[in-house]
2 protein chains.
Amino acid sequence: MMSSRIAGDPIVDVHTHMYPPSYVKIMEDRNEIPMVRRFPGSQDPRLILLPSEVESMKSDPEGKSKVPGRPLTKHYASLDQKIHFMDTHKIAISVISLANPWFDFLDPAEAGPIADSVNDEFSKMCTKYPGRLFFFAALPLCASAEMIRNSIDHALSLPYCRGFIMGTSGKGKGMDDPEMVPILQHIKENMVFLHPHYGLPNEVYGPRAEEYGHVLPLALGFPMETTICVARMYLSGVFDKCPSLRLLLAHSGGTLPFLAGRIESCIVHDGHLLKEGRLKNRRTIWDVLNQQIYLDAVIYSDVGLRAAVLAGGVDRVMFGTDHPFFPPLETDEQGEWESVTLNVTSVNYALPNQQQVKQVLGGNAVNILKLERIGKEIVAA
Amino acid sequence: MMSSRIAGDPIVDVHTHMYPPSYVKIMEDRNEIPMVRRFPGSQDPRLILLPSEVESMKSDPEGKSKVPGRPLTKHYASLDQKIHFMDTHKIAISVISLANPWFDFLDPAEAGPIADSVNDEFSKMCTKYPGRLFFFAALPLCASAEMIRNSIDHALSLPYCRGFIMGTSGKGKGMDDPEMVPILQHIKENMVFLHPHYGLPNEVYGPRAEEYGHVLPLALGFPMETTICVARMYLSGVFDKCPSLRLLLAHSGGTLPFLAGRIESCIVHDGHLLKEGRLKNRRTIWDVLNQQIYLDAVIYSDVGLRAAVLAGGVDRVMFGTDHPFFPPLETDEQGEWESVTLNVTSVNYALPNQQQVKQVLGGNAVNILKLERIGKEIVAA
């Protein structure tokens, strides 16, 4: 393990996931999707998140994909591994978060205490590496409003909590569901990290999708899901009803920076919205992008990153890795990850000066997520 | 009607639609969707393209949307109106094309001759304004391979034909359907203008989508459909199997410029594609963007346009209007259209010098689509 002294301009990773051991245990004990299962001949247990992952195996007569889901390597649950990954990539601080499917599948009556205990586990992990780890808590959104409020309060009482990660489906009906408004209001100005999960229906990828591995749902389904979600929030007035809401969008906003102009044009040309009187005295989607939305820099190209910075503002874009997803296939997982270097390179290439590079790689996250309790120097293990 | 003398640096519109009278007649004679219908109290006949347009009316108990579909104003079928629109916006040349749903719905046995006659009608329209109008022909893709080949040959014999407009569904199974390969090969290096039609399944927009007018399917569904289509083509190897194929993507590529980096990253991190040996000796999606793909500039923002130009190259992006869609709601339809000025302004704002502005507004289209038979001056009516 590399030893490094990181000073001055820390790299901060705001998009980095873990499934802590207690959460893996919940998934192992389940008999239906989502679940974790072991298969003969497969080294790691497999994380099966979506029915389509099993369906594609069933419809594979040649048995090319012998086991469903993805391998749950130690990168998902081991804190030592997370710290090693951070050291390898000179990441000073990570804001870790539970990955999908969060607590969507839990029994609503039990979801609150389970979420609280998983958030407690995140908090303990942060305590082990003071100043190097913070976390976005996950909420029992399937539970009652009161239970959700209690879990919000509980998480905010934990010293390293810096907001909440949330899937696009909210309580099940999307983030434009009126029932989400009081929840988002209760979160106040704490960051909500909006992350995709369900993607698009498989039918949109056509009859030959399986030949393309997981490329279409991961590369296109996820960002499209995020874009649809945030457009629905905008159109339903969530940003006005929750003026203190701050929303961090995964994957540089899905496709929002690129499509914001088209969204605005479709709005001003929509007869229904005109008739309803909804075109006047309105903040545009550009206004909301610059007032309440933040973007991560997980976009893997300078083209996308430039659009994200232009749309959101260079002070609102924050580096991320999406670790432990997208491990290298042909090099050692303990070494450098191409998925990370692609994003570091994009930031360096897209931005005009080192000041902006430093902002996006870490300075913005320190300011926006109030990580300033970090001392001037961090000694990595 | 404005009279103008356009010289030197023509503005060329490569994305502009018409439903010529013979096509409207076909749609009027139909008893199922897609069709054209008149409704009491509605000034123009209504064009109903998708079942969802009728469904949304049924589920509207307050009867806010009294008639389904969109008004088929004279902007759709009148050539005089098209020329007036061009003059108003100083557009010297338009490459007109049939809009969706093209000929998808025809009886396969009759589709060939009907397509040929509609293409003939386009050709005649171009002849009326020599040098100011060219067209992309539409193909009877539901017909037999032989009939499709004959229609390709017929269209290419028409002097103002500059390629073909095609929906993302191809012959019904998508553009990655192996049956599309010989068709695309037969088209040779003539441009294929790929245009969305079916969008995404309504369920992705959630239970409150109707409150948002047509914004979600138009602003997000269309570009996402295009992106999925071109990613499927790329992953199935269509660009390698059809090396002379040139593809013009509607709406600046849907979301392709923004997501190209993520697509590439998902490909190099896909275990299935690695196992199949498909990661080696491969042109990247960036290569294909710079070799076989062209983008229109219908993106309504400088943020999106910059990404399109960075991804595709400034010599491969071509101005378009999407006329007669997105008419102004609150100003005279005979005057300037905001949907057009948004795109002109974006080009002017995004590009660093007048040379590049002229390229994107018209020079590229003249070169790429071989419109050079135009004299140095065009006198508009």
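## Basis

In this predicted model, local features need pLDDT of at least 70 and side-chain atom pairs count only at pLDDT 80 or more, while totals for chains, interfaces and linings use all residues. Residues are numbered from 1 along each chain as its sequence is written, chains are lettered from A and ligands numbered from 1 in the order in which they are written, and side-chain values use heavy atoms, with hydrogens and water left out.

## The sheet in chain A

Chain A has an open sheet of 8 strands in the order β2-β6-β7-β8-β9-β10-β11-β12, with parallel pairing. The edges are β2 (11-18) and β12, each with a single partner strand, so one side of each has no neighbour in the sheet. Helices (H or I, at least four residues) and strands (E, at least two) are DSSP runs, numbered from the N terminus, and two strands pair if DSSP finds at least two bridges between them.

Within chain A, β6 (residues 91-98) and β7 (residues 133-138) run parallel and are joined by 4 bridges. A:I96 of this chain stands opposite A:F135 in β7(A).

## Salt bridges

Side chains of opposite charge can pair when their charged atoms come close. Over all chains, the whole structure has 18 salt bridges (a side-chain nitrogen of Lys or Arg within 4 Å of a carboxyl oxygen of Asp or Glu).

One of them joins B:R132 to B:D87, with the closest N and O atoms 2.8 Å apart. This pair links distant parts of the chain, 45 residues apart: B:R132 is in the loop between α5 (108-128) and β7 (133-138) of chain B, and B:D87 is in helix α4 (residues 79-88) of chain B. Both residues are buried (under 20% relative accessible area; exposed is over 50%, partly exposed in between; 1.4 Å probe, protein chains only). Another salt bridge, at 3.2 Å from N to O, joins B:D302 and B:R306. These two are 4 residues apart in helix α13 (residues 302-312) of chain B, and therefore about one helical turn separates them. B:D302 is buried at 17%, whereas B:R306 is partly exposed at 27%.

## A buried arginine without a partner

A:R316 lies in the loop between α13 (302-312) and β12 (317-318) of chain A. A:R316 is buried but has no salt bridge, and the nearest side chain of opposite charge, A:D315, is 5.4 Å away. Lys and Arg count as positive and Asp and Glu as negative; His and the chain ends are not counted.

The side chain of A:R316 reaches the backbone oxygen of A:I293 at 2.9 Å.

Notes: A polar contact is a pair of N or O atoms within 3.5 Å; within protein, one must be able to donate a hydrogen and the other to accept it, and residues adjacent in sequence count only if both atoms are side-chain atoms.
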